[in-house]
Amino acid sequence: MSPKMKISAALARRIALAAQGFGTGRPAGAINRGHVKRAIEGLGLLQIDSVNVLARAHYLPLFSRLGKYDSAHLDGLAWGRKSQRGLFEFWAHEASLLPLAAQPLLRWRMQRAAAGTSKGTLQQFRREKATYIEEVRRQVEDRGALAASELADGGPKRGPWWGWNDGKLALEWLFFAGIVTTATRRGTFERVYDLSERVLPAEIQALPTPSPDEAQRELLRLSARALGVATEFDLRDYFRLPVADTKARLAELVEAGDVLPVEVEGWNKPAFLDPAARQPRQIEARALLAPFDPLIWERDRTERIFDFFYRIEIYTPVAKRKHGYYVLPFLLGDRLVGRIDLKSDRANSKLLVPAAHLEPGIEARDVAAPMREELRLMADWLGLDGLALPHDGDLGREWRRMGT
């Protein structure tokens, strides 16, 4: 057996950034639907989150990589007319938007849910309420696309599941089983469900269903491509694959040469390299990263690669917050050099920056100008006229000195 390739920590960081779309500059000129589609395909999925203090989570990773793009392109791919769709919703890395081509790769998960072999609250509900779930399915079939609020008898709110009632739980079980999917979103981002056969394009429905083993191998290949270099947990976590299945499939991929075992400087666990991963000599990126950006959503990996300890503080009491409510790390070059608390003040058309922090050893004079440029670009993208920067702290003082 040949010895494992050894990779420096700096190269691993550059590989990870290039795999995530930060290895080249942003596209020149207008950003079109094709740019958006290719960016999502490169990432493999976008995590969905309902928090809207700045912008919803699935819009932000594309801004980080593409700059000022029209979010209507993403809306059309996700929830547009059937003939124009390029994405679908499912539970992958949490609630996610994925390219339609990945839909057959997740049918094994839908089949396990439908067969009752999955675990969790929805399966318990299914065992207790199978007849009611079928009644809800028939309502969707007969009436067309429906939100949970439009069911004839949704029932009172119950339990800890975000106050969901029986109607919402029934629709979510049908969603998890692949029987219904998201037809559109409306109002305050409310999911509207319809039968999957009426939403998904016919050519996607006609694709053969791979075996669970085949699908999991391909999902791990996609994870490896999106991460560049990763531990077994990193690869498994990207699409939230089962532990035992991942270990078996990963061994098969190593045997086939589809991923390469490597040693990464400073990592205390075995790592795996995508054989096609780019290994750039330098990265010249500039981006604000949403808390649920796939580059940083696995917090231990973020600390391992960037030496950057990051936890979102939305659920932390105000008095105990260290950096703010909705804090975005700032990527400059190949390092995370700071973090910025951001809020969209839509009523006054301003992007608010309640706080901005530098990482240890980073000088404000090296960061202030590119950070301000990125904030102004974000404000412009969000359709906000003004930018309200803080006056205190090293960055605040530097911005004042610059005349901001």
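Predicted model: local features only at pLDDT ≥ 70, side-chain atom pairs only at ≥ 80, totals over all residues.
The lining of the largest cavity divides by class into six nonpolar residues and four charged ones, with no polar residue present. The residues in question are Leu-227, Asp-234, Asp-237, Tyr-238, Pro-294, Leu-295, Ile-296, Trp-297, Glu-298 and Arg-301. Which element supplies the largest share of this lining? It is helix H12, residues 232-238, which contributes three residues. The space within the largest cavity is about 50 Å³, and the count of cavities of 30 Å³ or more comes to one.

I turn now to strand S3, residues 87-92. Five of its six residues are buried, that is, under 20% relative accessible area, and S3 is therefore largely enclosed by the rest of the structure. Its partner is strand S4, residues 94-99; the two pair in the antiparallel sense over six bridges.

Finally, the protein as a whole. It contains 16 helices and 15 strands. Of its 404 residues, 55% count as buried. How does the radius of gyration stand against what a compact globule would have, and what is its value? For 404 residues a compact globule would have a radius of gyration near 22 Å, and the protein, at 22 Å, agrees with this. Along the principal axes, the C-alpha atoms fill a box of roughly 65 × 65 × 45 Å. As for the contacts with a separation of 6 or more, 62% are between residues 24 or more positions apart.

Note on methods
Residues numbered from 1 in each chain as written. Heavy atoms only, no water. 1 Å grid on protein atoms, 1.4 Å probe; cavity = no way out; pocket = protein on both sides within 12 Å on 5 of 7 lines; lining within 4 Å. Points joined across faces, edges and corners; volume = space filled by probe spheres on them. Helix = DSSP H or I, 4+ residues; strand = E, 2+ residues; numbered from the N terminus. Nonpolar A, V, L, I, M, F, W, Y, C, P; charged D, E, K, R; others polar. Buried < 20%, exposed > 50% of the residue type's maximum accessible area, 1.4 Å probe, protein only. Pairing = 2+ DSSP bridges. Rg over C-alpha atoms; globule rule 2.2 N^0.38 Å. Contact = heavy atoms within 4.5 Å.
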